[in-house]
Amino acid sequence: MRIGIVCYPTFGGSGVVATELGKALALKGHQVHFITYSQPARLDVFNENLFYHEVYIPSYPLFQYPPYELALASKMVDIVRFEKLDVLHVHYAIPHASAAFMAKQILRTKGINIPVITTLHGTDITLVGKDASFEPVVTFSINQSDEVTAVSDSLREETYDYFQIEKDIQVIPNFVSLDKFKRQKKEHFRMAISPNNEKLLVHTSNFRAVKRVEDVIQIFAKVRQRIPSKLLLVGDGPDRPKMEKLCRELHICNDVRFLGKLDAVEEVLSIADLFLMPSEKESFGLAALEAMSCEVPVISTNAGGIPELNIDGVTGFVSPIGAIDEMVEKALFVLDDANLPRFKANALERAKDFDIEKIVPLYEKTYQKAINEQLALL
Ligand code: GMT
């Protein structure tokens, strides 16, 4: 198939899923064309089947807000026609699904019928999409997509609850490459970070309010009072300065390392004992899946789709949002040497359910279905 992928090219989960999906499809022999405003962060490999098309927005004094959606729709029209694409897969409803709708209408006037698949990732529904400024467009463009997928049952249900959706929404969860995210031997690294074999807790996120990084630090501070431990924080974002200040106030700076945006997260996960995800909202929790794939159990909230991944009492524990003391007790239970090996093994077993090899064929099937239905209409 010749597939066009539209996504946010940043480090966010939706962009990561879109990019890893495109790379996996290219390895399977499909021709994949990324259409975005800059090179996706993980599109860092050469493959003869991978193409990248940049959306350029001309600047003009009248444009207080550059009309990205129009430039994107025009680029989609151009690439679909020139590269003879079979299907367009847009990740994140705003503004990708509505730009795809416009591109589809323009292409129809040129005798081309291109099916559009929209994948909902979370904040496009649970935060931004619900805002009255966007809601009518989100509802319309989801309903106009040929196929709609969501990354968890929870997100599917929330979408039906908040929007007047007439389409069937198929759940295709996030996935992980078990080859990339596997526990590697990094003893020298572990020795450097925890020289006295302190337990290692890890959190990775974009440091936004929804991630509740403050809870990560509060949980760690309490765990540290009971057992020798260290905290590694991967990622960056608006809440980071506040978190650094909090660490100073709690006098725990010597045991907390802010590592910033790292490419090789799997190296940090390889030395971790526990992953913390106290999010307020989380449609799936890709970062937790990547940790589990590296044999790291998870202490999380029960927000959104997290309980569909992190099985309470098996791969870690789930607690109500903000239940810091409960998460501390559960973290200590998991970190106990009598329990830790069992939780680590269970985390890996669970991650195998989301093996990239199992999930990518679900997208291929969805593309084929949309293409067949489009052909049947001719
Ligand atoms: O988590 C973020 O803030 C980034 C966000 C995004 O939109 O890129 O991630 C969302 O999509 C990921 C991939 O499907 C999911 O694993 C994350 O759970 C989801 N984040 C939220 O729902 C907050």
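In the predicted model described here, D215, Q218, I219, K222, V223 and R226 in α8 meet I324, D325, M327, V328, E329, A331, L332 and L335 in α13, where contact means heavy atoms within 4.5 Å. Helices (H or I, at least four residues) and strands (E, at least two) are DSSP runs, numbered from the N terminus. The model is a prediction, in which local features need pLDDT of at least 70 and side-chain atom pairs count only at pLDDT 80 or more, while totals for chains, interfaces and linings use all residues. Residues are numbered from 1 along each chain as its sequence is written, and side-chain values use heavy atoms, with hydrogens and water left out.

The geometry of this helix pair comes next. Helix α8 covers residues 213-226 and helix α13 covers residues 324-335; their axes lie 9 Å apart and the packing angle is about 50°. Here axes are lines fitted to C-alpha atoms, for helices over the stretch in contact, and angles run from 0 to 180 degrees between N-to-C directions. That angle makes α8 oblique to α13, because angles under 35 degrees count as roughly parallel, over 145 as roughly antiparallel, 65 to 115 as roughly perpendicular and the rest as oblique. The crossing of α8 and α13 is right-handed. In this wording, a crossing is right-handed if the near helix is turned clockwise from the far one by less than a right angle, and left-handed if anticlockwise.

Helix α13 also has a partner in helix α14 (residues 340-351), and the axes of α13 and α14 come within 7 Å and cross at roughly 95°. The two helices are therefore roughly perpendicular to each other. On the α13 side, F333, V334 and L335 take part, and they meet L340, R342 and F343 in α14.

What domains does the chain have? The assignment gives domain 1 (2-175 + 356-377) and domain 2 (187-354), with bounds that come from an automatic or database domain assignment. Taken over C-alpha atoms, the centres of domain 1 and domain 2 are separated by 31 Å. The contact takes 20 residues from domain 1 and 15 residues from domain 2.

In soluble globular proteins, nonpolar side chains tend to be buried together. A nonpolar core is a set of buried Ala, Val, Leu, Ile, Met, Phe, Trp, Tyr and Cys residues joined through side-chain atoms within 4.5 Å. Buried means under 20% relative accessible area, exposed over 50%, and partly exposed in between (1.4 Å probe, protein chains only). The largest nonpolar core has 68 residues, and L120, L269, F275, L289 and Y367 are those with the most contacts inside it. Both domain 1 and domain 2 give residues to this core, so it lies between them. Apart from this core lies another, of 30 residues, with F207, L246, V328 and L332 among them. Returning to L120, and leaving aside neighbours within four places in sequence, its contacts are A93, I125, I142, V148, T149, A150, V151, L155 and T159.

E364 lies in helix α15 (residues 356-377) and is buried, with a relative accessible area of 14%. Which residues is E364 in contact with, leaving aside its neighbours within four places in sequence? They are M1, L25, K28 and H30. Although E364 and M1 are 363 residues apart along the chain, their C-alpha atoms are separated by 8.9 Å. S270 sits in the loop between α10 (265-269) and β11 (274-277), and S270 is buried at a relative accessible area of 4%. Not counting residues up to four places away in sequence, S270 touches K182, R183, Q184 and K186.

Some backbone details lie in loops. The peptide bond from I94 to P95 is cis, with omega near -10°, and P95 is placed in the loop between β4 (87-91) and α3 (96-108). R212 is not a glycine, yet has a positive phi of about 50°; R212 belongs to the loop between β8 (199-204) and α8 and is partly exposed, with a relative accessible area of 25%. H251, also not a glycine, has a positive phi of about 55°. H251 lies in the loop between α9 (240-249) and β10 (256-260) and counts as exposed at 67% relative accessibility.
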